[in-house]
Amino acid sequence: MTATVWASGAQGSGDYAEVNGLSLYFETHGAGRPLILLHGGLGSGEMFGPVLPALSERHQVIAVDLQGHGRTADIDRPIDIRLMADDIGALIGHLGLREPDVVGYSLGGGVALQTAVKYPAMIRRLVAVSAHIRRDAIYPEMLAQQGQVGAAAAEFLKDTPMYELYQRVAPRPEDFPRLLDKMGAGMAQDFDFTEEVRGLQVPTLLVAGDADMAPPSHYAEAFGLLDGGHRDGGWMGEGRPKGGHALAILPGLTHYNIVSSPLLAAVTLAFLDSEPG
């Protein structure tokens, strides 16, 4: 992956919202029903550059830079998806949005999921992309790599799009090692959101690549918690999950290129723009 993968030339209107002690940066693209877009770890809203034009053709896309990422400066608290979900809930209130859809990838997928768990009445639909619900579902070799994320790795990341982007847009570019430390600490924490997923009240699309950071069976298992995969769907869809949930395993994609794939835009729009039921 190169830095150019994250750039589309799509021009948006940038602003800051003061929420939970954080100056949260967001950028607005397009018009229509609101869609909050949440990026992956060590990235920013620019990660979605290649798919932004498709998403913003039908929606008002609000691409957020999460705590310590992109143009949002860090504050004195851990990088924790549950705390960042509170930021998104506060942003929805701050902007006066009426039931936006929330789409998140990787770290942002976890934040999107927790936002739906904590603020179900605020959200219309959820799309969680490459977001695993148990830490032990991640391949062991990837867990080992995550264990090496910290300030000491900053020097080795200087040729990556993550570093280039951070140096270009962050309010305090010198904070990159601190972000790595916080991300490493966050990824070292065990988690199991099985019960939270089982109790989701928001219609949810789970999306993963067929060669993602966890096996396809993990995302199928999560779909099963949402009443999916237990019966034939029926001629009229009467056997589909009762909550309007869906699953998409996208062919030929990995954890690292799914975010820029036209397939991701296509399945996301198909789910968000479909009629309920």
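Which residues of H2 are buried? They are Ile81, Met84, Ala85, Asp86, Asp87, Ile88, Gly89, Leu91 and Ile92, where buried means under 20% relative accessible area with a 1.4 Å probe, protein chains only. Helices (H or I, at least four residues) and strands (E, at least two) are DSSP runs, numbered from the N terminus.

The model is predicted: local features need pLDDT of at least 70, side-chain atom pairs count only at pLDDT 80 or more, and totals for chains, interfaces and linings use all residues. Residues are numbered from 1 along each chain as its sequence is written, and side-chain values use heavy atoms, with hydrogens and water left out. The chain's average pLDDT (predictor's confidence in each residue, from 0 to 100) is 94, and 95% of the residues score at least 70. Over residues 1-5, pLDDT stays under 50.

H2 spans residues 81-95 and reaches 21 Å from first C-alpha to last. Gly96 follows H2 and has a positive phi, near 65 degrees. The buried residues of H2 pack against these elements:

| Element | Residues |
|---|---|
| strand S1 | 13-19 |
| strand S2 | 22-29 |
| strand S3 | 33-38 |
| strand S4 | 59-65 |
| helix H3 | 107-118 |

Ile88 is also among the residues with the most contacts inside the largest nonpolar core, which has 49 residues. Such a core is a set of buried Ala, Val, Leu, Ile, Met, Phe, Trp, Tyr and Cys residues joined through side-chain atoms within 4.5 Å. Apart from it lies another core of 26 residues, including Leu37 and Ala248.

Terms used: Contact means heavy atoms within 4.5 Å. Buried means under 20% relative accessible area, exposed over 50%, partly exposed in between (1.4 Å probe, protein chains only). The expected span of a helix is 1.5 Å times one less than its number of residues.
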